[in-house]
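Here is a briefing on one protein model.

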Amino acid sequence: MLKRHILLGSRGSILALAQTNWVKKQLQQYYPQLTFSVQIIETQGDKDLISHFGNSEVSLKSFFTKEIERSLLEGNINIAVHSMKDVPSISPVGLICGAIPIREDVRDVLVSTSGKTLAELPKGSVLGTSSLRRIQNIKQLRPDLEIKALRGNIHTRLKKLEEGHYDAIVLAAAGLKRVGLERKITEYLNPTIFVPAPAQGALYIQCRENDEETRNILQSIHDENLAKILEIEREFSRIFDGGCHTPMGCYSKIEGETVLFYAMYSHKEKSYQTIITENIVKGKEIAAMAAREIQKMMKQK
């Protein structure tokens, strides 16, 4: 007999709830006979808004997931919905990835007060971001811009832009689209040039390993091809110890069975990029190949 009710655990931010409600809606379409509801769980990352910014000693991985995972292990919820970029590469014992649903837009975007694109912004314009990867991308394309730190959730960042603290800001397209603010986007940045973060726009749906029923329910929204791609992206991140304090990114383009893997890593203000074209069956080896190419370039400099 199937469970009648499925409880999804989520952080309480507007974006986290939008993501979780989207997952809930997908599951309801496949299982109209079940009821689904969302439980908000406060995480360390929600309580501590200082230590994880600009502090490379603090690992951001698990900052936004630990309390939700504990709730899942204790059986208080059936499913946990995370942004994949927040999830450590190894799950706690007893938990597994139950599904990776279709990905939202992977690109970064520019939001400017003047409606000007990145190329059109006047020299000396103030651009807001605190991501080292985005800073390096901007420096490669527009070294004449002034980059100013920008933190907070999507709405906080947009408010600071509207208040005139910045001429433009860079955000993830996925977040703006998920919270219904796509209209704010001035320009979508080309992901082969302005390389996004590994697993950007992807969700990670977690459940208990021994909960076969929930695992079967989650299979209805799982995208196996995407799972293979994200395994490559996360492996590239792992090799370079990727996190918010590491200026690195990657973008995967699929053409049939072939993956075009664009990889970027910055070291000492220098940016290195490579493209690997391989069959998807090579899996994580594609990430290793990209890393070796970049390491070779770094030695040649």
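This is a predicted model: local features need pLDDT of at least 70, side-chain atom pairs count only at pLDDT 80 or more; totals for chains, interfaces and linings use all residues.

Residues are numbered from 1 along each chain as its sequence is written, and side-chain values use heavy atoms, with hydrogens and water left out.

**Aromatic pairs**
- There are four aromatic pairs, where rings of Phe, Tyr and Trp (its six-membered ring) pair if their centres lie within 6.5 Å; planes under 30 degrees apart are stacked, over 60 edge-to-face and the rest tilted.
- Tyr251 and Tyr262 form a tilted pair, 5.8 Å centre to centre and with 40 degrees between the planes.
- This pair links distant parts of the chain: Tyr251 is in strand β11 (residues 248-255) and Tyr262 in strand β12 (residues 258-267), 11 residues apart. Helices (H or I, at least four residues) and strands (E, at least two) are DSSP runs, numbered from the N terminus.
- Tyr262 is buried, with a relative accessible area of 12%.
- Phe236 and Phe240 have ring centres 5.2 Å apart and planes at 65 degrees, so the pair is edge-to-face. Both are buried.
- Ring pairs link Phe236, Phe240, Phe261 and Tyr265 into a cluster.

**Sheet and helices**
- An open sheet of three strands runs in the order β11-β12-β13, with antiparallel pairing; two strands pair if DSSP finds at least two bridges between them.
- β11 and β13 (270-279) are the edge strands, each pairing on one side only.
- β11 and β12 pair in the antiparallel sense over eight bridges. Met248 stands opposite Tyr265 in β12.
- Helix α4 (residues 132-141) packs on the sheet and touches β11, β12 and β13 (contact means heavy atoms within 4.5 Å). The direction of α4 makes about 90 degrees with that of β12; axes are lines fitted to C-alpha atoms, for helices over the stretch in contact, and angles run from 0 to 180 degrees between N-to-C directions.
- Helix α8 (residues 224-239) also packs on the sheet, touching β11 and β12, and its direction makes about 160 degrees with that of β11.

**Gln200**
- Gln200 lies in the loop between β9 (187-188) and β10 (203-208).
- Gln200 is buried, at 5% relative accessible area.
- A polar atom of the Gln200 side chain lies 3.0 Å from the backbone oxygen of Val106.
- Not counting residues up to four places away in sequence, Gln200 touches Arg103, Val106, Arg107, Asp108, Arg133, Arg134 and Ala172.

Terms used. Buried means under 20% relative accessible area, exposed over 50%, partly exposed in between (1.4 Å probe, protein chains only). A polar contact is a pair of N or O atoms within 3.5 Å; within protein, one must be able to donate a hydrogen and the other to accept it, and residues adjacent in sequence count only if both atoms are side-chain atoms.
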